[in-house]
Amino acid sequence: CTRCCSESEMGSAREAIEKRKAKAREKLRARQGEHAANDVESGQEAPPPAQPAPKSFSFQASMVGIYVFIWVSHGLLIRASQVEVGGEAKYLFSFLAVTLVTDFCKLCLATGLFLYGPSTANLGSVEDKIKIAWDYRRTGMYFIVTAFIYAMYNNLMFLNFIYFDVGTYKVLMNSRILFTGLLFQYFFKRQLGTRKWVGLLLLMLGCGFLFVDKIQSGTTMVAVMLISFQSACSSLAGVYNEYLLKKDVSIDVNLQNFYHNMLSMVCNFVFMLILQPGSLAPSRFFENWSGWTLLIVVNGMLGGFITSIILKFLSVIVKAYATSTEMVLSALLANFFFQQSLPSTLLLSMAFVIASIYVYNVEPKKDNSSS
């Protein structure tokens, strides 16, 4: 009898979960269309989601302005938080702790937007949204891979700012375009056209000049490998996101960010447990934090949010403008505030990289008048 009762209770629980999933799917259909509502486990092909409506020029200009300001500021803030010890740049605080706190702030922002934001207003009450989040917990686990990759990426950023000046870092990080192009061709059999190969060639020349110059001036191969690995991390995340799209893993962006940031916190906690276990002590976790450190946390939280808007609503050419502007402004401001030099090699590499960004990303308009 007990067994029958437990089986009956389990059946009722499963039924309740299925009802909640069905309700969630109906609400997601109403807001995002059929594509966003399909369950990942169904395995059925779904039509592509409707493209976001084009945004006004003022909206795009303001988003680009905010995006450039935040990410230019981020590099400058990290540089400002360093101190010179024995002629070498160092951090007196644990940057693993900074990354962990930044992910916690991102998690809080994503949670607030999902529960109380206007984009999910028609998903029901807060209790309904919590149930939806719970029902999609298996889908959320797909983001453990990107969470792990970006946890490494964010910590490598602090390391690489020790080895490279701001301008050089920004230029060399664009080598991720090369990794992305090659990985997409290999994993998804996506053939690169002549224009994209020309863009990759320009990129290799631009980054190659700078790599050779840095090695000749004393930069170690370890530093070169670290920034190359960071660039590869960004590319691997893009490849995995494409994999999720092919599997029709589509949930509300704020719910996706909730799972991503929660899992990223777990990854950063494990990193600290392995690399800096002493920094987890309450008395040492915030040791040597300053105003610069707090600004890095706030800036990183806002940067993640703005980047998601850029990726969702802005065209490829607008993103290319944003990336190029960020790179140039970072180098110029680092020269102004920290007297970091602007050698001819850096300027030449920057010109090649900017050209490669446009050649690779911006397709020429087709002339249909002859047809």
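The crossing of helices α4 and α12 is left-handed, a term used where the near helix is turned anticlockwise from the far one by less than a right angle. This is a predicted model, in which local features need pLDDT of at least 70, side-chain atom pairs count only at pLDDT 80 or more, and totals for chains, interfaces and linings use all residues. Residues are numbered from 1 along each chain as its sequence is written, and side-chain values use heavy atoms, with hydrogens and water left out. The protein has 16 helices and two strands, taken as DSSP runs numbered from the N terminus (helices H or I, at least four residues; strands E, at least two).

**Overall organisation**

- Of the 371 residues in the protein, 44% are buried, where buried means under 20% relative accessible area, exposed over 50%, and partly exposed in between (1.4 Å probe, protein chains only).
- Contacts (heavy atoms within 4.5 Å) between residues at least 6 apart in sequence join, in 82% of cases, residues at least 24 apart.

**Helix packing**

- Two packed helices are described by the angle between their axes and the distance between the axes.
- Axes are lines fitted to C-alpha atoms, for helices over the stretch in contact, and angles run from 0 to 180 degrees between N-to-C directions.
- Helix α4 (residues 95-116) and helix α12 (residues 253-275) have axes that come within 8 Å and cross at roughly 160°.
- Helices α4 and α12 are therefore roughly antiparallel to each other, the class for angles over 145 degrees, with those under 35 counted as roughly parallel, 65 to 115 as roughly perpendicular and the rest as oblique.
- The contact of α4 with α12 comprises 16 nonpolar, seven polar and two charged residues; Ala, Val, Leu, Ile, Met, Phe, Trp, Tyr, Cys and Pro count as nonpolar, Asp, Glu, Lys and Arg as charged, and the others, Gly among them, as polar.
- Helix α10 (residues 194-216) packs with helix α16 (residues 344-361) at an angle of about 160°, their axes being 8 Å apart, which makes α10 roughly antiparallel to α16.
- The crossing of α10 and α16 is left-handed, and their contact has 16 nonpolar, five polar and three charged residues.

**A histidine in α12**

- His 260 lies in helix α12 and is buried, with a relative accessible area of 17%.
- Leaving aside residues up to four places away in sequence, His 260 touches Phe 143, Thr 146, Ala 147 and Tyr 150.

**Salt bridges**

- Side chains of opposite charge can pair when their charged atoms come close.
- A salt bridge here is a side-chain nitrogen of Lys or Arg within 4 Å of a carboxyl oxygen of Asp or Glu, and by this rule the count comes to five.
- Lys 214 and Asp 165 are both buried.
- Lys 170 and Glu 326 meet through their side chains in another salt bridge, at 2.7 Å from N to O.
- The partners are 156 residues apart and link distant parts of the chain, with Lys 170 in helix α8 and Glu 326 in helix α15 (residues 316-338).
- Lys 170 is buried, as is Glu 326.
- Glu 88 and Lys 90 also form a salt bridge, at 3.8 Å from N to O.
- Glu 88 is partly exposed, with a relative accessible area of 48%, and Lys 90 likewise counts as partly exposed, at 36%.
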